[in-house]
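The entries follow in the order I made them.

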Amino acid sequence: MVRNELIGVNPIDWKLVAGFFQRTDPAPFPGTPGWASTGIIEAVGAGVTAFSVGQAVIVDSRARLAVTSGSRAGTFRQYLVVDTRQIVPRPPEVGVEQAAGLPSSAVAGYSMIHHLGVTEDDTVLVHGAAGGVGSAAVQVAVARGARVVGTASPDNHDYLRSLGAHPIDYRADIVNAVRAFGPITASADAVGGAASVSATVALLPLGGRAVTAWGDAHSEAARIPWVAHPNDELHQVATLAARGQLTVRIADILPLADAAAALKRVKAGHNRGKILLRPE
Ligand SMILES: NC(=O)c1ccc[n+]([C@@H]2O[C@H](COP(=O)([O-])OP(=O)(O)OC[C@H]3O[C@@H](n4cnc5c(N)ncnc54)[C@H](OP(=O)(O)O)[C@@H]3O)[C@@H](O)[C@H]2O)c1
């Protein structure tokens with residue numbers, strides 16, 4: 001059992017509350033939202049040897065067990081019972097706020113770059129580069145030595161430069177702006193929808209690699225796959241964060257009682273960083 005110190009709020013939380021995936025992968029109702037948190041182990045079950053009481057851990061309830069059993073842990077709570085496959089040790093170098101911000105979004109950003117097999121020979125286009133998924137994808141690609149061009153509104157362009165990416169305004173002509181930057185070899189889409197998919201299709205050469213964190217009819221028609229998640233993704237992002245190669249931008253920390261307001265803000269889609277919830 002984990003006592004949550006901080007809880008991360010992710011787009012998937014409002015999407016599940018709103019009833020997404022009702023047919024394919026229904027969330028239990030009534031249920032508790034939340035896929036991300038960090039805290040301290042208060043008790044362990046019989047047979048648990050890999051973790052011990054008092055240990056700091058990061059929780060990602062998206063782990064395989066939760067999906068196959070239909071019982072999502074739901075991190076929006078003070079105390080949480082998890083399977084050991086849903087946690088990794090919190091490295092001492094990773095602060096509580098950073099740890100709470102890693103699961104779901106940063107994990108998906110890592111997984112997109114891993115899925116694409118990005119190397120130093122690549123120039124990667126990241127759609128939605130200022131968000132939780134996109135900013136992680138940028139940092140992981142930069143850490144692999146790739147050149148990165150990312151879309152964001154102008155208010156976020158200095159942020160993208162600070163991550164090592166060349167910023168492009170998604171409200172202008174993405175295709176021509178990217179062409180002016182140079183040819184791309186891969187595309188990681190953290191936005192989805194017609195505009196980013198059509199830009200990817202126009203910019204990628206034949207045989208170019210593309211992946212999306214939010215598949216829809218547009219990405220399906222363009223045969224752009226959903227990101228594939230490696231089993232060690234949470235461990236990998238925790239390691240990158242511990243090395244200082246992955247930092248989560250934090251927008252706000254609210255009391256857990258304000259969870260509904262936090263979900264509305266994430267749904268609006270223009271936060272400058274991750275919103276965290278603090279259990280009282
Ligand atoms: N497959 C998975 O495992 C997985 C995991 C996590 C998330 N996701 C999905 O990935 C998507 C992004 O999640 P997130 O956590 O990154 O969300 P987020 O942090 O809430 O995204 C907000 C950011 O998106 C930017 N943005 C909004 N519209 C944009 C556009 N048209 N073009 C470029 N940037 C735009 C905003 O920048 P401005 O304020 O500058 O507009 C803001 O920085 C969501 O659909 C989420 O459900 C998938």
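Entry 1. I wrote down the term before looking: a salt bridge is a side-chain nitrogen of Lys or Arg within 4 Å of a carboxyl oxygen of Asp or Glu. The model is a predicted one, where local features need pLDDT of at least 70, side-chain atom pairs count only at pLDDT 80 or more, and totals for chains, interfaces and linings use all residues. Residues are numbered from 1 along each chain as its sequence is written, and side-chain values use heavy atoms, with hydrogens and water left out.

Entry 2. I looked up how many salt bridges the structure holds, and the count is six. One of them joins D252 and R265, with the closest N and O atoms 2.9 Å apart. This pair links distant parts of the chain, since D252 is in strand β11 (residues 250-255) and R265 is in helix α10 (residues 259-268), 13 residues apart. Helices (H or I, at least four residues) and strands (E, at least two) are DSSP runs, numbered from the N terminus.

Entry 3. I then checked accessibility, where buried means under 20% relative accessible area, exposed over 50%, and partly exposed in between (1.4 Å probe, protein chains only). D252 has 27%, so I noted D252 as partly exposed. R265, at 32%, is partly exposed.

Entry 4. I turned to R209 and D122, whose side chains meet in a salt bridge of 2.8 Å, N to O. R209 lies in strand β10 (residues 209-212) and D122 in the loop between α3 (96-116) and β6 (123-127), so the pair ties together parts 87 residues apart in sequence. D122 is buried at 5% relative accessibility, and R209 is partly exposed at 28%.

Entry 5. Next came R85 and D83, a salt bridge with the closest N and O atoms 3.1 Å apart. Is R85 buried or exposed? R85 counts as exposed because its relative accessibility is 57%. D83 is partly exposed at 22%.

Entry 6. S104 has a phi of about 75°; S104 lies in helix α3 and is buried, at 16% relative accessibility. R223 has a phi of about 55°. R223 lies in the loop between α8 (217-221) and α9 (233-242) and is exposed, with a relative accessible area of 76%.
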